[in-house]
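Me: I would like to go through this structure with you, one topic at a time. Shall we begin with the strands?
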Amino acid sequence: MTGSLPQDVQQVFDRYITTEYTTVDRLGQPITWPVTPYYRPGDDTIDVTTGLGYPKKADDAAANPKVALFFSDPTGCGLDDPPTVLIQGTAAVDDRDLDANRERYMRESIEKLPATKSMAPPTFLQRMFDWYYKRIYVHVRPERVYVWRAGSDEPALFDAHMEEVRSGHSEEPSAAPAGPRYRPPVWDERVEQLGSHYETVVLAVVAPDGFPFSVRVPVAVDSDAKRIRIQGAPAGAPLEPGLACLTAHDHAPDFAWQRNFQVRGDLVRDDGGWCLVPAKVIGGFELPPASTLERYRLNFPKVRRFRKVAKRELAKRS
């Protein structure tokens, strides 16, 4: 299916620096992180990868292969007026040969992001960063592809399932997504950046057929009510009260720096419309626009944790 998609859609897969990758954990919580997609026109799958020290992106996909890739941030892609693309697909986790994955990652990441070559530690020190360079790949095979082109509110749908092409809707068995858990709201200074520094964010929910569904929406922070208000959700988005994830991220056009965090919580509807009641704010692995020393200082606690996790993962595999 992938190789038969329009050329401008395949160019998005190939040229975008980031895609918003969503998995669904065992509690039914959608979790979205920006990752780099790897694709060559005609390939069967779009591949993403994660370090051995932070394997949850792969672990969740292994437990529930229904995932989504959302291409909504064209920064640095070099394409003129590209479409916005959402893939709902099935994932296959590849961790059979971590050394081969490492070599592939070193080759393809520098090919796609040349500016990152100067950011890598010297070769003789890279073994100290096995938690990062030993990679797990996730191969995503598209099942449905939604394409929003400029000036259109309605997406074009490309579907791998002939029965869905005929009926015009999902033929997957419906299952009620996890409902709101009604937890006390959690607030964080980064939440205050939503709607100001980050004018739009990615909202991910779980559709009735079990696949994640993502949209990019403007948001506003309601500090008094401790809610994040969703503004301008596109028509047709399968929004229902339940677990949801808001993800904010940005990066340099050459990926010399990148920042990201997410807010997980309950999507509810009140008199002001749809809003997220935040339950958890999580910062990702970031390389902000700062000095190398400052980056090490900010990431040191995470690196210690990642190294412990990588050691445990290697022991498990051996």
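Me: How many bridges join β5 to strand β6, and in which sense do they run?
Reply: This is a predicted model. In it, 11 bridges join β5 to β6 (residues 135-148), and the two strands run antiparallel.

Me: Staying with F71, is its side chain buried or exposed?
Reply: F71 is buried, as its relative accessible area is 0%.

Me: Changing topic: how many aromatic pairs does a search of the whole structure find?
Reply: The search finds 16 aromatic pairs. One of them joins Y16 and F71: the ring centres are 5.9 Å apart and the planes stand at 70 degrees, so this pair is edge-to-face. The two residues come from distant parts of the chain, 55 residues apart, with Y16 in the loop between α1 (7-15) and β1 (19-24) and F71 in strand β4. Y16 also counts as buried, at 1% relative accessibility.

Me: What is the geometry of the rings of Y132 and Y133?
Reply: Their centres lie 5.0 Å apart and their planes are at 90 degrees, so the pair is edge-to-face. Y133 counts as buried because its relative accessibility is 6%.

Me: Which residues do ring pairs link into a cluster?
Reply: The cluster contains Y54, Y105, F129, W131, Y132, Y133, F285 and F306.

Me: Where does R135 lie relative to the rings?
Reply: R135 lies over the face of Y105, 4.1 Å from the ring centre. Its charged end also sits over the ring of Y132, at 4.8 Å from the centre.

Me: Where does α6 bend?
Reply: The bend is at N299 and amounts to about 55 degrees. A proline, P301, follows within four residues.

Me: Which residues of α6 are buried, and what do they pack against?
Reply: The buried residues are R295, N299, K302, V303, F306, V309, A310 and E313. They pack against α4 (130-133) and β13 (273-283).

Me: Why would residues three or four places apart in an α-helix point the same way?
Reply: An α-helix has 3.6 residues a turn, so residues at that spacing point the same way.

Note on methods. Residues numbered from 1 in each chain as written. Predicted model: local features only at pLDDT ≥ 70, side-chain atom pairs only at ≥ 80, totals over all residues. Heavy atoms only, no water. Bend = angle between axes of the 7 residues up to and from the residue. Buried < 20%, exposed > 50% of the residue type's maximum accessible area, 1.4 Å probe, protein only. Contact = heavy atoms within 4.5 Å. Pairing = 2+ DSSP bridges. Phe/Tyr/Trp six-rings, centres within 6.5 Å; stacked < 30°, edge-to-face > 60°. Lys NZ or Arg CZ within 6 Å of the ring centre and 35° of its normal.
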